[in-house]
Amino acid sequence: MLQYLIILLDKESVSFCGLTPSPSPKGERSCLIPLDTLKQGIRFGMIENLMIQYVYPDYELPAEYSKVIESIDHSKIKPMKDGADVWVTGSIKDIKADVSVVWRTDKQSLFNSEADIISALENVPRLNVVLTDVETFTDEDFENYRSLLNAFAEHIEKLYLEGISSQLNLLTDRMMFSKINNCGAGDTTITLAPNGKFYVCPAFYYEDETDSIGDLEHGLDIKNKQLYKLDYAPICRHCDAWQCKRCIWLNRKTTLEVNTPSHEQCVLAHLERNASRELLNNIRKHGTFLPEQEEIKEIDYLDPFDKRNTWL
Amino acid sequence: MTWNVAKKAIDYILSHENSFPEKSVIWDFIGGEPLLEVDLIDKICDYIKMSMYELNHHWFDSYRFSISTNGINYCEEKVQNFIKKNLSHLSLGITIDGTEKKHDINRIYKGSGKGSYADVVRNIPLWLKQFPNESTKVTISSEDLPYIEESVIHLFSLGIHEVNMNCVYENVWKEGDDIILETQMLKLADSIIDNNYYKDFACSLFSEQIGGPLLDNQNWCGAGKMLAIDAAGNFYPCTRFAKYSLREKNELVIGNIKEGINKNKLRPFLCLDSRTQSSYECIKCEVAQGCGWCQGENYDTAETNTIYQRSTAICKMHKARVRANNYYWNKLYRKLELEGEREEFEKNKREVKLEIC
C-alpha cells in the first residue's frame, strides 16, 4: 500500500540515494516545480493519505513556495543543514548536526574515511552512508568493507557503553528491525517530479524522464506493480538482511529486473547483517540490550542466491 | 557464424569449467538450417573434442551434439560423413510436420513456393535406420489444427515412434480453435487406441502429467539454464531472447565471447519459479499442471521489460488439451483393464517429453 510521496522540488533536487544524476548542461537553468503542480501534488498526497517528503535543490526557493510547502505535514530532505530533517552531504569531514545525515560516497572515499566517520558518529544523531558505486565492488572491496564495518562496530560498542546511542544505518538498523525495511519504491513510495509525472523513485526520473508511472492529470498507472512487492522478489523474500536498501533502481540497472538484486548488493547487505550480529552479541555481553529483538542467526553464505536450491 | 566466433565461444566455455559445473553438456546447433553449414559444424565438433581432451575437461566423453534439421540434405555425402564420424555422440532430429498437405503449409522453398515434403520424406528411412529412437517435433499453430489427427497417424506410419507436438505459445489463436483442437485430439485418441498404436507409438499431446492443480513451484521453461550464442558472439539465456526472435522488445543479451557471462543478468532467470510470474487465476487454476510457457514469449508480451509476467495466450488451448487427455486416458485404461493388459502397459509405457519449445 502506498504510504509515502516524495516530491522533487526541482530537477536539480539533491540526490539522496545511489544514483548520481548527470549534471545539467552548462548554462541550463534549474527547473523548479511549478507552483500549481506542487499544489496538485500535495492534494494528491492528502487524498491518498500519503506522508510527503520534499527534496530540495541547493538554492533558496522563491518565497511563495514556503506557504504551499507548509500546507501539509511533511519532512524535508536538503543539501544544506538549515531547516532540514535529513541533511544530504557529499563530505564527511568535520560534520556536526542535530539532524539525520545522509553521506553519499563511493567506495574509495568510504575506505579512506574511517576516522572521519568514527568522529561523525559522535557528532550526529544518525548517519546514513549511501554507496554510489555498489555495482563495482570486487572481492577485495568486500574484504575492505568487512574490516571497515568491524572497526565501526567496535567504536559503536564503546559509545553504547558510554551511554551514547549512536546510529549508523549500515550497522545499527538491522539490530532494530523485525522485518525488512527498505525504500519501498513502487510499492509504498512513489515520486512526483517537477514535470507533474510520477516515477518509481527519483533515480528512475533522473535516468529517463519518459519512464514514468502516471501523472497528476490521469493518476497512477504502475505496470506490473506486484513486482515491486517483497512477495514477488524471489531472493529478497527469503532474506533476513532487513537493513538492505533493496534498491529497485539498482536492481533494474544490474539485473534488468526490479525484483532481483545484484550479487554485489546482496553481499554488501550480508556483510552489514553479519557485522550487526557481532555488534548485537557484543553489546549484550555487557547487559540487557534490545530484549524484544530476536538473536540474529549465524549463516554460512553472503549471497542468498547461492542458497536458491533450498527455496526453489 | 564465423569460425573465429565459434572458436572463441568454445574457448570461453571450456576454460570456465567452474561456471559450468553440470555433469554433461549438449552442444546444440540450430539454424536456419544447420546442415547447410555442416563443414563448419564438423570443424567446431572436432575442435570441441580436441579441446576437451587437451584440457582433461570433465565433459570429455560426457557430451552430445544435437542437431534439428529440415532433413532436405540429409543424404548428402558430407552430411553422412559427419553423422558417421559422430554417431555415438549425436542426436539428430528431422522436423517433418505430418502429411504432405500439412507439412507443405509452412515448409516451402523460397522462390518457387514448392513444398519440401517430398524431399524430406525420402530421407526418413535412412534417418530412422541411423537414429531408430529419434523423435520428430511438430509445433501447432491455428491453421495446422484441422490436420493433427491425420498428421500424427501419418508420422507413425513412416516409422517415427515418438511425435512431440505442442501448441505455440504466441497469441495466434482464433475463436473456436480450442474446439478444433479438442475435436482433433479426440479423433486422434480413437485412432491411437482403436488401432493399438499406443503399444509402440507415442504422441506428447497425450500425457498423464497434465491437468490437475499445480503441485510444485518449478519454472516451466529452461531459459537461463542453457547458453545460446549468436553469430556475432553474443550470449543469450535462450535463442528466444535474440533480436530476430522478438517482435516487441529489444534483445536481452547476458554477455559475449569477449567479456563472458554477466552473472547479474542471469540471476533473474535462475530465480524464476511458477508462482512469482503467474497471475492469481493461473495459480488457482484447477487444471494448471502441464500448462507451459516460453520465457521469451513472456518477455516479449509483458507490459514492462520483465521475464516475470506470464503470457496466458495458450490458456484455452491447454484446457481443450486437458479435456481430450481425460478422454484418452479413460478410454485407454478401460480398454487395457478389459483386456487384462494394464499392468503390462504401465510397465513398458514410453515416456514422452511433456513439452517442447
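Which residues of strand β4 (residues 136-140) of chain B lie on the covered face, and which on the uncovered one? B:T136, B:V138 and B:I140 form the covered face, while B:K137 and B:T139 form the uncovered one. The model is predicted: local features need pLDDT of at least 70, side-chain atom pairs count only at pLDDT 80 or more, and totals for chains, interfaces and linings use all residues. Residues are numbered from 1 along each chain as its sequence is written, and chains are lettered from A in the order in which they are written.

Helices (H or I, at least four residues) and strands (E, at least two) are DSSP runs, numbered from the N terminus. Two strands pair if DSSP finds at least two bridges between them.

| Strands of chain B | Bridges | Direction |
|---|---|---|
| β4 and β5 (residues 162-167) | five bridges | parallel |
| β2 (residues 63-69) and β3 | five bridges | parallel |

B:T136 has B:V163 as its bridge partner in β5(B). From β4(B) the chain passes through helix α7 (residues 148-157) of chain B to β5(B), a right-handed β-α-β crossover (clockwise from the first strand over the helix to the second, with the strands pointing away from the viewer).

Chain B also has an open sheet of three strands in the order β1-β2-β3, with parallel pairing. Its edges are β1 (25-29) and β3 (90-94) of chain B, each with a single partner strand, so one side of each has no neighbour in the sheet. Within it, B:S68 stands opposite B:G93 in β3(B).

Helix α9 (residues 263-270) of chain B has six of its eight residues buried (20 or more other C-beta atoms within 10 Å of the residue's own, C-beta atoms being placed from the backbone). Among them are B:L266 and B:F269.

Terms used:
Buried ≥ 20, exposed ≤ 12 C-beta atoms within 10 Å, placed from the backbone.
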